[in-house]
Structures are given as C-alpha cells and as structure tokens.
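Thanks for making time this morning.

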Amino acid sequence: MTPGPGAVIITVPGLRGHVPDHWQTRLADSLADVRPVTPLGRENPSLDERVTALQLAVETAGEPVVIVAHSAGVIVTVHWAARHPGTARQVRGALLATPPDLAAPLPAVYPSLSTLADHGWLPIPRLPLPFPSIVAASSDDPLGDPARVRALADTWGSRHHDLGTVGHLNPASGYGPWPGAGPLINELDHAKAPR
C-alpha cells in the first residue's frame with residue numbers, strides 16, 4: 001500500500017490499550033507516516049480526552065490526513081468531526097472499521113452504556129461527515145448490529161463496505177493483519193471531497 005504524496009495516516013483506536021497484534025498496530029509498524037492516537041484503555045472512558053487527542057493529532061499532522069479508526073475509535077471520530085468542523089476539512093478521507101452501534105449492552109469487559117452516556121458518547125452524532133468515508137462492517141460483529149451499522153453509515157454519508165463474517169475485526173476474532181485495509185485506505189487517499 002502506498003498512500004498519496006504527503007498523506008499522513010492517523011489511527012484512532014477503540015476502547016483498548018496497546019495491542020501489538022492488532023491490525024492498526026501492524027499498520028503503524030508497516031508504513032512510514034502513520035501517527036497513532038495513543039490508546040487510553042477501557043479504564044478511562046473519557047470521550048473528551050480522546051476527541052482532544054485526535055484534534056491534536058490532526059492539527060500537528062498538516063494536510064492531507066487519512067483517518068483509520070476502529071471500533072469505538074469510529075465513534076470518537078464522528079464526535080470529533082461534529083465538534084471540530086474546521087479542522088475536519090484537513091481530512092482527505094476516513095476508514096471507519098467495525099463501529100459499535102451502542103444500542104445494546106456491551107460485553108462485561110467494556111464500560112456500560114450508562115457510563116459511556118455519562119461521558120458523552122451517546123447519542124452518536126448522525127450528521128454527514130465533511131470528508132469521504134468508508135464504513136467497513138462485519139456481518140457478525142458482536143458489538144454492532146449490521147442493520148444499525150448500515151444506518152449509521154447512511155447518516156454519515158459513508159460508503160458501506162461489507163467485510164463478511166469477521167467478528168469485531170480484532171485479534172479476538174482472529175485478525176492481526178488486515179490486508180483489506182490497504183486498498184480501502186488507498187481509495188480514500190485519492191477520493192474527492194464531498195460537495
């Protein structure tokens with residue numbers, strides 16, 4: 001995979017700490033200009049801290065930027081875009097992989113929906129994103145009902161990309177490397193901004 005000239009890839013993690021085998025970590029290790037947003041883990045449910053970290057990453061990256069978000073990182077990205085529309089114009093595109101729908105209780109290892117609501121995660125913004133985006137969705141994701149995830153993609157103006165049965169696209173689902181990320185990132189790196 002070769003991003004376009006000057007593109008900076010910013011990875012936005014979900015509610016996890018650093019995971020060496022995660023596809024985002026491997027992506028960051030395999031490309032020259034990937035800037036990961038530091039994972040805060042499940043013990044710190046602060047949405048504001050995550051949005052601030054993404055804002056800083058985009059501001060310091062310069063243009064153009066391609067965001068690669070996974071899981072709750074997708075929700076962080078859409079909250080960030082709603083809060084920082086000016087900075088969001090620096091984004092060439094965003095790959096939004098397996099977002100949770102936050103409509104049903106999460107497994108016990110995650111914060112409760114009430115905790116997430118108390119920290120500003122809910123409601124999920126339902127506004128068109130100001131940059132091209134692809135929602136890469138799993139048909140058997142335990143954290144995101146396929147119909148609800150497709151509805152989110154539609155409200156964000158994202159292209160829906162069906163990944164098939166890949167669980168939550170994480171090491172627990174059998175994914176370290178995700179070769180499919182490369183072509184989607186390239187597509188976004190060369191996308192035209194929405195009008």
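Let me begin inside, with a single side chain, and keep in mind throughout that this is a predicted model. Leaving aside residues up to four places away in sequence, W156 touches V74, I75, V78 and L96, then I124, P125, R126, L127, P128 and L129, and finally S133 and V135.

W156 also belongs to the largest nonpolar core, which has 41 residues, and it is listed with I10, L54, I67, W80 and W121 as touching the most other members. Several elements give two or more residues to this core, among them β1 (8-12), α2 (47-61), β3 (65-70), β4 (91-97) and α6 (146-156), while α3 gives the most, with 7 residues. Apart from this core lies another, of 20 residues, including L31, V68, V166 and L169.

Stepping back to the fold, the protein has 7 helices and 6 strands, and from the N terminus on these run β-α-β-α-β-α-α-β-α-β-α-β-α. Of the contacts with a separation of 6 or more, 80% are between residues 24 or more positions apart.

As for overall dimensions, a compact globule of 195 residues would have a radius of gyration near 16 Å, and the protein, with 15 Å, agrees with that; the C-alpha trace spans about 45 × 35 × 30 Å along its principal axes.

Finally, buried residues make up 53% of the 195, and the accessible surface comes to about 8600 Å², with 55% of it belonging to carbon and sulfur atoms. The mean positions of the 14 positive and 17 negative charges lie 6 Å apart.

Technical notes:
Residues are numbered from 1 along each chain as its sequence is written. This is a predicted model: local features need pLDDT of at least 70, side-chain atom pairs count only at pLDDT 80 or more; totals for chains, interfaces and linings use all residues. Side-chain values use heavy atoms; hydrogens and water are left out. Helices (H or I, at least four residues) and strands (E, at least two) are DSSP runs, numbered from the N terminus. The radius of gyration is taken over C-alpha atoms; the globule rule is 2.2 Å times the number of residues to the power 0.38. Buried means under 20% relative accessible area, exposed over 50%, partly exposed in between (1.4 Å probe, protein chains only). Contact means heavy atoms within 4.5 Å. Accessible areas come from the Shrake-Rupley method with a 1.4 Å probe; for residues, only the protein chains shown count as cover. Lys and Arg count as positive and Asp and Glu as negative; His and the chain ends are not counted. The place of a charge is taken as NZ of Lys, CZ of Arg, CG of Asp or CD of Glu. A nonpolar core is a set of buried Ala, Val, Leu, Ile, Met, Phe, Trp, Tyr and Cys residues joined through side-chain atoms within 4.5 Å.
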